[in-house]
Amino acid sequence: MPNVVIVGAQWGDEGKGKVVDLFTEFADVVVRFQGGNNAGHTLVVDGDTTILHLIPSGILHQGKTTVIGNGVVIDPLVLVEEMDLLARKGLEVEGGRMVVSRKAHVIMPWHKRLDLLRERRRAKAAIGTTGRGIGPTYEDKAARQGIRVEELVQPDIFRARVESRLDEVNDVLRGLGGDSFTVDEVVKPYAAAAERLRPLAADAALLLHERIVDGANILFEGAQGTQLDLDHGTYPYVTSSNTVAGNAAIGAGIGPTVIDEVVGISKAYTTRVGAGPFPTEIFGHDGEALREAGSEYGATTGRPRRCGWFDVPVLRYAARANGLTGVALTKLDVLTGLEKVPICTAYRLDGEIIQRFPDDQASLQRVEPVYETMPGWSGSIRTARSYADLPVQARNYVERIEELGGVQVVLVSVGPGRDDTIVRSNPFG
Ligand code: IMP
């Protein structure tokens with residue numbers, strides 16, 4: 001029974017939600033293993049749009065178990081809000097359909113405030129975080145002073161932990177020019193959410209282990225993308241967790257040997273929100289045209305995304321860093337109507353042509369993309385349901401990416417709906 005990890009191969013927003021949703025049909029359990037509500041998955045099912053930030057998108061399928069793993073950071077208010085949103089759509093989260101790891105760390109109100117204060121202080125060097133408190137929560141985890149779900153759901157212990165943290169927290173907040181918190185200001189708003197989450201809190205790693213032993217198919221749902229990985233991304237313009245496939249094991253509490261397949265999701269072009277290097281970025285009219293064609297605005301913050309052409313060194317890097325066994329190419333339809341479609345095949349660095357994505361900031365700032373152009377296609381491809389339905393130019397584009405990237409394109413997405421998809425090879429067999 002295959003266990004499959006799905007990760008972003010670029011800077012996030014590759015359309016992972018849709019692909020995860022699609023493959024969930026073949027999975028028994030869907031697990032999130034890192035990140036928090038900095039992520040945003042837009043799912044369109046039968047014309048109905050649902051945006052989820054925290055709950056695994058597998059929840060939209062009846063009969064599947066969803067797990068929020070220990071590696072995730074949780075804003076209890078957001079989690080409960082999503083539970084309510086789903087309930088209004090007739091999807092019950094309670095009653096065994098979702099498990100939250102007791103070891104997952106809680107995003108506290110001061111983490112959100114700190115996130116914003118630090119960004120303000122960074123001024124021109126701001127990372128462009130989502131402001132959701134993600135970084136400060138992971139900092140506290142690494143500093144061994146974080147508050148976990150286990151503590152959140154026990155009111156007395158939670159209050160004591162808040163009391164013990166607030167002295168230092170308030171010093172830091174005031175030092176950064178921010179307002180301090182009282183204990184009640186922190187504890188009261190979280191109390192009702194904690195009540196709701198108590199029945200969901202469990203030993204998620206044990207549950208996963210038992211399901212794996214039983215032969216269940218597990219789908220590990222990554223958030224953000226490889227280039228936003230804390231170690232392997234474009235540091236410091238990254239998120240505060242490891243987004244690569246290796247972290248699926250750590251963030252879910254299972255051994256790496258249970259992972260069979262790793263699928264990277266990549267747009268048929270490239271986007272990035274927030275600051276930081278982006279070699280194939282398109283400025284001016286063409287960039288704006290691509291943004292409009294692809295509705296490239298953040299699902300979490302609504303910010304316009306920076307747009308660029310397909311970047312092969314980025315794909316090759318993702319293939320290596322994640323051990324990709326396949327890539328899903330999304331939003332191919334957005335490129336329809338372009339006379340010529342550029343692909344960045346390599347970079348020029350100090351007069352030399354290089355194939356690799358540089359691992360140092362200094363080189364990354366100097367690389368210039370080297371393009372080849374492929375003939376475009378016209379006429380909608382939205383209704384294509386088999387690979388052969390695609391115009392030959394679109395197939396050539398896909399196959400060129402496959403050839404240059406050295407990884408098989410297992411899926412092509414031609415529209416936002418669940419059905420607007422061509423599956424060439426299913427990782428679940
Ligand atoms: P943080 O994760 O909020 O700390 O933000 C750090 C960087 O990661 C910023 O550039 C964000 O725009 C980016 N980021 C975080 N989550 C996502 C995501 O889900 N998609 C795209 N970019 C993200």
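Phe278 counts as buried, with 7% relative accessibility, where buried means under 20% relative accessible area, exposed over 50% and partly exposed in between, computed with a 1.4 Å probe on protein chains only. The model is predicted, so that local features need pLDDT of at least 70 and side-chain atom pairs count only at pLDDT 80 or more, while totals for chains, interfaces and linings use all residues. Residues are numbered from 1 along each chain as its sequence is written, and side-chain values use heavy atoms, with hydrogens and water left out.

Rings of Phe, Tyr and Trp (its six-membered ring) pair if their centres lie within 6.5 Å, and planes under 30 degrees apart count as stacked, over 60 as edge-to-face and the rest as tilted; by this rule there are seven aromatic pairs. In one of them, the ring centres of Trp11 and Phe278 are 5.3 Å apart and the planes stand at 45°, so the pair is tilted. Because Trp11 lies in the loop between β1 and α1 and Phe278 in the loop between β12 (270-272) and α10 (285-293), the pair ties together parts that are 267 residues apart in sequence. Helices (H or I, at least four residues) and strands (E, at least two) are DSSP runs, numbered from the N terminus.

Glu14 is also found in the loop between β1 and α1, and its side chain reaches the backbone nitrogen of Ala9 at 3.3 Å.

| Residue | Relative accessibility | Class |
|---|---|---|
| Trp11 | 2% | buried |
| Glu14 | 1% | buried |
| Phe278 | 7% | buried |

The open sheet has ten strands in the order β9-β7-β5-β2-β10-β1-β11-β15-β19-β20, with mixed pairing, where two strands pair if DSSP finds at least two bridges between them. Its edge strands, β9 (201-202) and β20 (421-423), each pair on one side only. Strand β2 (residues 29-32) pairs with strand β5 (residues 65-68) in the parallel sense over four bridges, and Arg32 stands opposite Ile68 in β5.

Helix α2 (residues 76-88) has 13 residues, which at 1.5 Å a residue should span 18 Å, and its end C-alpha atoms are 18 Å apart, which agrees; the expected span is 1.5 Å times one less than the number of residues. At the start of α2, a side-chain oxygen of Asp75 reaches to within 3.1 Å of the backbone nitrogen of Leu77. The buried residues of α2 include Val78, Glu82 and Leu86, and α2 is followed by Gly90, whose phi is positive, near 85°.

Key. Polar contact = N/O pair within 3.5 Å; in protein donor to acceptor, adjacent residues only side chain to side chain.
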